[in-house]
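Please walk me through this structure in plain steps.

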Amino acid sequence: YIAMASRAHPVDGDVSSATDGGDLPIKSSPHRHKVGVPPKQNMFHDFMYTFKETFFHDDPLRHFKDQPKSKQFMLGLQSVFPVFDWGRSYNLKKFRGDLIAGLTIASLCIPQDIGYAKLANLDPKYGLYSSFVPPLVYACMGSSRDIAIGPVAVVSLLLGTLLRAEIDPVTNPDEYLRLAFTATFFAGVTEAALGFFRLGFLIDFLSHAAVVGFMGGAAITIALQQLKGFLGIKKFTKKTDIIHVLDSVFSAAHHGWNWQTILIGASFLTFLLTSKLIGKKNKKLFWVPAVAPLISVIISTFFVYITRADKQGVQIVKHLDKGINPSSFDQIYFAGDNLAKGIRIGVVAGMVALTEAVAIGRTFAAMKDYQIDGNKEMVALGVMNVVGSMSSCYVATGSFSRSAVNFMAGCHTAVSNIIMSIVVLLTLLFLTPLFKYTPNAILAAIIINAVIPLIDIQAAILIFKVDKLDFIACMGAFFGVIFVSVEIGLLIAVSISFAKILLQVTRPRTAVLGNIPRTSVYRNIQQYPEATMVPGVLTIRVDSAIYFSNSNYVRERIQRWLLEEEEKVKAASLPRIQFLIIEMSPVTDIDTSGIHALEDLYKSLQKRDIQLVLANPGPLVIGKLHLSHFADMLGHDNIFLTVADAVEACCPKLSDEV
């Protein structure tokens with residue numbers, strides 16, 4: 001403490017004494033601004049304002065105001081189908097860029113789709129189906145120019161794991177397929193509903209740290225699952241945790257590994273990783289890692305065919321049906337026990353797919369400096385999966401690897417997705433028999449190469465440096481996925497994210513404030529050690545809204561601060577604490593429990609001959625304090641615009657005693 005009696009001075013002019021808030025008089029100045037009380041709001045208007053800010057904060061109808069009916073109709077059409085907006089300015093130059101990008105991502109998606117379908121325990125053709133219909137729907141309804149649509153590794157693994165827990169794909173392949181379509185349908189319904197009802201903020205409850213951990217764990221799990229095809233193992237565990245997978249791998253080491261398969265897998269994995277390194281070092285050669293998977297498939301397929309390596313134990317894709325997507329509407333469960341299973345699996349898969357797609361869309365939109373509407377994206381992704389479920393597709397979403405290639409290839413609009421779909425269509429119609437001799441080892445190598453970037457070590461290190469609690473969430477999700485299962489890892493990620501929110505809400509930060517020398521500014525004394533505390537005055541800042549969930553903690557924490565300061569004052573033989581100032585700038589709202597906590601604090605302080613003072617309460621807070629009559633109980637002259645005003649009013653009394 002540094003005595004500040006010399007700084008304290010009465011304000012020129014008439015000085016009045018107010019005691020209606022307690023026994024201790026506080027000097028008030030006619031020149032000091034009072035805290036404004038907002039006019040009483042109509043309850044309906046207040047509700048509508050809150051509703052609008054919660055669900056329509058971006059004011060989506062602002063473009064329709066003062067427009068003729070014909071213009072409003074066109075704007076509405078463009079809102080649902082953005083293709084009618086950007087399509088008007090489409091030209092040959094943009095098409096050239098989209099054509100190159102579409103062909104490039106098609107060369108990447110075809111081998112990936114075949115491998116991802118196997119992750120979901122589905123026939124490879126369903127991976128190709130899912131890169132034909134969904135991208136066409138998204139191209140018409142999506143607002144992102146860069147996102148590339150199709151099956152992705154994490155969602156494929158999650159879907160396959162959840163489906164296999166309900167139905168064995170080997171013994172009941174038809175029921176398994178029907179449940180996959182049902183889950184895809186309800187994944188789309190979930191996504192579209194979240195967007196239509198503007199509930200997209202729900203996906204934000206999965207924190208960035210939890211997503212980093214979950215994606216990293218899923219990437220390792222996916223890579224371990226590929227050891228079956230990479231090593232040529234025929235009998236492999238159905239579990240996904242690292243213990244069972246490694247046990248299955250090493251138990252087959254003496255008799256189950258196939259050296260020809262290992263040679264093919266290792267050679268082409270080295271080729272894929274080398275091509276990726278070339279693309280990173282020289283951005284102009286972005287196409288090298290993009291076409292490398294297709295080149296690998298062509299060369300390895302040709303090699304197996306001419307050497308008949310499949311006769312030597314090299315496992316191959318075998319038959320792949322020709323033709324476009326057949327209708328699957330009649331295969332979706334709309335009744336029975338499997339309906340509930342499909343809804344549960346669909347909701348989980350849809351939320352994960354949505355989180356990945358929206359994150360990818362926002363990332364590339366920021367890089368190109370344009371905006372995407374998150375709720376419209378959700379509707380587009382939802383409709384895309386609903387339509388896909390009726391045309392033999394499983395859950396599709398935005399792929400980061402393909403979207404990155406799409407961006408680097410110079411795409412301008414979603415036409416690149418249409419080009420990719422056309423190439424996939426031609427493949428389904430004419431080229432699928434050529435994949436008969438494609439070795440499973442090359443598909444395993446392609447998937448391992450694709451999931452490596454999902455292990456973001458740098459992001460994990462940054463999370464550890466910045467926020468240890470976030471790091472716990474990250475590691476909890478990571479270890480949950482690799483040591484238990486994908487769904488348990490996801491549950492841990494969500495649980496820790498919610499736990500962090502609850503912890504921050506129920507245990508808000510508080511701080512003791514001091515005066516920055518030669519200013520009227522009061523700041524946290526831990527952040528600014530040079531800040532000095534005013535003798536006889538304790539100033540505390542509450543850094544959160546005060547609700548039922550934290551009101552008792554806030555009151556008890558303030559009383560503990562007061563007790564600690566009184567002990568320090570007594571030990572240093574300084575003037576006792578006579579004024580407790582609460583800086584309420586960060587307190588954005590308060591409920592009845594919070595007001596009761598302040599009343600209890602006020603009564604407790606009165607018994608100890610300490611005056612409670614409030615500084616700078618916001619409009620919502622001061623309005624509620626007046627309505628509850630707590631402001632009358634405290635005394636209007638004990639509520640100040642700033643901490644400096646409050647201290648100035650308290651100091652004259654203290655200076656006389658010092």
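Asp609 sits in the loop that links helix H23 (592-607) to strand E9 (611-615). The model shown here is predicted. Look at the backbone of Asp609 first. Its phi is near 60 degrees, a positive value in a residue other than glycine.

Where do the side chains go? In a regular strand, side chains alternate between the two faces of the sheet.

E9 has a neighbour in strand E8. The two strands run parallel, and five bridges join them. Move on from E8 (residues 579-583) to strand E7 (residues 537-542). Here too the strands run parallel, and five bridges join them. In this pairing, Leu538 has Leu580 of E8 as its bridge partner.

Step back to see the sheet. It is an open sheet of six strands, in the order E6-E5-E7-E8-E9-E10. Its pairing is mixed. Which strands form the edges? They are strand E6 (522-524) and strand E10 (639-640), and each pairs on one side only. Helix H22 (residues 551-571) lies across strand E5 (510-515), E7 and E8. H22 runs at about 150 degrees to E7.

Stay with E5 for one more loop. Arg518 lies between E5 and E6. Its phi is positive, about 65 degrees, although Arg518 is not a glycine. Is Arg518 buried or exposed? Its relative accessibility is 80%, so Arg518 counts as exposed.

Next, turn to a loop between two helices. Ser485 is placed between helix H20 (468-483) and helix H21 (486-506). Its relative accessibility is 9%, and buried means under 20%, so Ser485 counts as buried. What does Ser485 touch, leaving aside its neighbours within four places in sequence? Its contacts are Thr240 and Gly480.

Follow the chain into H21. Helix H7 (residues 153-164) meets it there: the two axes come within 9 Å and cross at roughly 110 degrees. That angle makes H7 roughly perpendicular to H21. From H7, the contact uses Leu157, Leu158, Thr161 and Leu162. From H21, it uses Val486, Glu487 and Leu490. By class, this contact has five nonpolar residues, one polar and one charged.

Finish with another helix pair. The axes of helix H4 (residues 92-119) and helix H16 (residues 400-408) come within 9 Å. They cross at roughly 170 degrees. Angles over 145 degrees count as roughly antiparallel, so H4 and H16 fall in that class. The crossing of H4 past H16 is right-handed. Which residues meet? H4 brings Ala101, Thr104, Ile105, Leu108, Cys109, Gln112, Asp113 and Tyr116. H16 brings Ser401, Arg402, Val405 and Asn406. By class, the contact has six nonpolar, four polar and two charged residues.

Definitions and conventions: Residues numbered from 1 in each chain as written. Predicted model: local features only at pLDDT ≥ 70, side-chain atom pairs only at ≥ 80, totals over all residues. Heavy atoms only, no water. Axes fitted to C-alpha atoms, helices over the stretch in contact; angles between N-to-C directions. Helix = DSSP H or I, 4+ residues; strand = E, 2+ residues; numbered from the N terminus. Parallel < 35°, antiparallel > 145°, perpendicular 65-115°, else oblique. Left-handed = near helix turned anticlockwise from the far one by under 90°. Contact = heavy atoms within 4.5 Å. Nonpolar A, V, L, I, M, F, W, Y, C, P; charged D, E, K, R; others polar. Pairing = 2+ DSSP bridges. Buried < 20%, exposed > 50% of the residue type's maximum accessible area, 1.4 Å probe, protein only.
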